[in-house]
Amino acid sequence: MVKITGADRVLRRLDRMAGAQAHREIGAALFAGGHLIATEAQISITTGAVSGKGHVPSAPGEPPNNDTGALANQIEVTQVGDLKVEISSNAPHAAPLELGTSKMTERPYMRPAAVKRRGEAVQLVRRVIARQVRG
């Protein structure tokens, strides 16, 4: 999970500056940023992967190789609040692959995607905020 600090302070300032319209526009930018991260996670799973009979499991620490497609296909972006977006996979094996288990080393795909695309997602939000400030 990527944690952004200071959000409460920014929210109070935005309320004073532009109110509901700013929330909608920033929420849309966050949602678009979530899609950047989700797409990156899907790409990391499906790039170079072999599914079906010739499937080869990924190495520890590497993103999981695609097999049935369930993991990549079940990654979704959900707007859970005005300014809160969640990126998740509902596949049953999503968390064990991302975090590892006592019997299997992690095969992270979501955290590396968030790290890789975080800057772009932040820029989307910054552009909207700058537009609101110029207003």
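Here are some notes on how this protein is put together, moving from the whole chain down to two residues.

1. **What you're looking at.** Keep in mind that this is a predicted model. The protein has 5 helices and 2 strands. Follow the chain along its sequence and you get the pattern α-α-α-β-β-α-α.

2. How much of the protein is buried? Of its 135 residues, 28% are buried. As for the surface, the protein exposes about 8,500 Å².

3. **Who touches whom along the chain.** Take the contacts in the protein with a separation of 6 or more: 55% of them are between residues 24 or more positions apart.

4. Find helix α2, residues 20–46, and then helix α5, residues 110–134. Their axes come within 8 Å and cross at roughly 160°. How do the two helices run relative to each other, parallel or antiparallel? An angle over 145 degrees counts as roughly antiparallel, so α2 and α5 are roughly antiparallel to each other. The crossing of these two helices is right-handed. Sorted by class, the contact of α2 with α5 has 16 nonpolar, 2 polar and 6 charged residues.

5. **A29, on the α2 side.** Now zoom in on A29, which is found in helix α2. Is A29 buried or exposed? Its relative accessible area is 8%, and the cut-off for buried is under 20%, so A29 is buried. Leaving out residues up to four places away in sequence, A29 touches L124, V125 and V128. Also have a look at A29 and R126: they are 97 residues apart in sequence, yet 8.9 Å apart in space, going from C-alpha to C-alpha.

6. **R117, on the α5 side.** Next, go to R117, which has its place in helix α5. Which residues does R117 touch? Not counting residues up to four places away in sequence, the answer is L36, I37 and E40. R117 has a relative accessible area of 15%; that is under 20%, so R117 is buried.

7. **Putting it together.** A29 sits in α2 and touches L124, V125 and V128, while R117 sits in α5 and touches L36, I37 and E40. A29 is buried, and R117 is buried too.

Technical notes:
Residues are numbered from 1 along each chain as its sequence is written. This is a predicted model: local features need pLDDT of at least 70, side-chain atom pairs count only at pLDDT 80 or more; totals for chains, interfaces and linings use all residues. Side-chain values use heavy atoms; hydrogens and water are left out. Helices (H or I, at least four residues) and strands (E, at least two) are DSSP runs, numbered from the N terminus. Buried means under 20% relative accessible area, exposed over 50%, partly exposed in between (1.4 Å probe, protein chains only). Contact means heavy atoms within 4.5 Å. Axes are lines fitted to C-alpha atoms, for helices over the stretch in contact, and angles run from 0 to 180 degrees between N-to-C directions. Angles under 35 degrees count as roughly parallel, over 145 as roughly antiparallel, 65 to 115 as roughly perpendicular and the rest as oblique. A crossing is left-handed if the near helix is turned anticlockwise from the far one by less than a right angle, and right-handed if clockwise. Ala, Val, Leu, Ile, Met, Phe, Trp, Tyr, Cys and Pro count as nonpolar, Asp, Glu, Lys and Arg as charged, and the others, Gly among them, as polar. Accessible areas come from the Shrake-Rupley method with a 1.4 Å probe; for residues, only the protein chains shown count as cover.
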